Amino acid sequence: MQKFFENVFSDIGINDIVDILIVAFLVYKLIGFIRESRAEQLVKGLLLLVLLTFLSDKLNLYTLHWILNGVLTLGVFALVVVFQPELRRGLEYVGRNKFIKGTFGRLDKDKSKRMVSEIVKAIEDCSETRTGALIIIERQTALTDVAETGTQLNADISAELIENIFYEGSPLHDGALIVRGDRLLAAGCVLPLTANKNLGKNLGTRHRAGVGITENSDAITYIVSEETGVISMAEDGALTRFLDIKNVEKNLLSLYLAMPDKDASGLSGFFDRFRKEDDNDAEK
């Protein structure tokens, strides 16, 4: 036995160790992805199909084996369709380059502070007056296709304009406002709704749309409930509720004043302690 292990380990080189570590890391990440998404139950079903296919072959159950083989073949294509949003997010994450100077890195600090002040004031006023609002802060993933569903603005950021957009009598108040850098890019935009079943059933379309866009991009969404005035934030498919205006200001300042080589996605850690799940709370 000792000679067996000596022979095995004597043939292992540096390349083999690196290869094993990379594969182990990828498997670890894949398991984490499965646990955090709706893939877990489907993966269990897929493993069961594989097991039944293997047993049907060993037991010479030819008809059952032929059917299961066909189901497995179709299942691969079905997984690609079902997990299209997750696959897109994963590829976008891999494609992001932290070393490329982003939109926020090019902005003057004083100007960034003024823009943050305007956005914060608009969110605060909407919260106090219980005016529904849905503001999307674009980051590295371009939202041009989403902006094309609304009305192009390309306007300076101002609290008055943002509040006028979401005023109940405005024709654009039901859609989303997209902010790109130092400009209000478009308003009245249509967003994809999340299919996350863990969100409270009483959450309305505004909140589900705000979460949905963050599942398909790295954008940050601010949502103001028109029923309660509660401020919420969505990032990476997770909804953070019951934020006060100081939290919003800190978040935006961290985002706009971030150094070029820093990834703004790190802001999610800041809000981890504020994340709350309250499915019994009625919100629109």
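Author: The account below takes the sheet, then its helices, and then some single residues.

The model is predicted, so local features need pLDDT of at least 70 and side-chain atom pairs count only at pLDDT 80 or more, whereas totals for chains, interfaces and linings use all residues. Residues are numbered from 1 along each chain as its sequence is written, and side-chain values use heavy atoms, with hydrogens and water left out.

The protein has 11 helices and seven strands; these are DSSP runs numbered from the N terminus, with at least four residues of H or I for a helix and at least two of E for a strand. Seven strands form an open sheet, in the order S2-S4-S3-S1-S5-S6-S7, and the pairing is mixed. Two strands pair if DSSP finds at least two bridges between them. At the edges are strand S2 (151–156) and strand S7 (238–243), each of which pairs on one side only. Neighbouring strands of this sheet are turned by 20° against each other on average, direction ignored. Axes here are lines fitted to C-alpha atoms, for helices over the stretch in contact, and angles run from 0 to 180 degrees between N-to-C directions.

Helix H9 (residues 205–215) lies across strand S1 (133–137), strand S5 (220–224), S6 and S7, and runs at about 175° to S5. Contact means heavy atoms within 4.5 Å. H9 is mostly covered, as 10 of its 11 residues are buried, buried meaning under 20% relative accessible area, exposed over 50% and partly exposed in between (1.4 Å probe, protein chains only). Among the buried residues of H9 are Arg 206, His 207, Arg 208 and Glu 215. Across the protein, buried residues make up 38% of the 284 residues.

Helix H10 (residues 245–256) lies across S1, strand S3 (176–180), S5, S6 and S7, at about 160° to S5. H10 also packs with helix H6 (residues 109–128), at an angle of about 150° and with the axes 10 Å apart. H6 and H10 are therefore roughly antiparallel to each other; angles under 35 degrees count as roughly parallel, over 145 as roughly antiparallel, 65 to 115 as roughly perpendicular and the rest as oblique. Their crossing is right-handed, that is, the near helix is turned clockwise from the far one by less than a right angle. The residues of this contact include Met 115, Val 116 and Ile 119 in H6, and Val 248, Leu 252 and Tyr 256 in H10. They divide into 10 nonpolar, one polar and three charged, where Ala, Val, Leu, Ile, Met, Phe, Trp, Tyr, Cys and Pro count as nonpolar, Asp, Glu, Lys and Arg as charged, and the others, Gly among them, as polar.

Two backbone angles also deserve mention. Most residues other than glycine have a negative phi. Arg 130, however, has a positive phi near 55°. Arg 130 is placed in the loop between H6 and S1 and is partly exposed, with a relative accessible area of 49%. Asn 154 likewise has a positive phi, near 50°, and its place is in strand S2.
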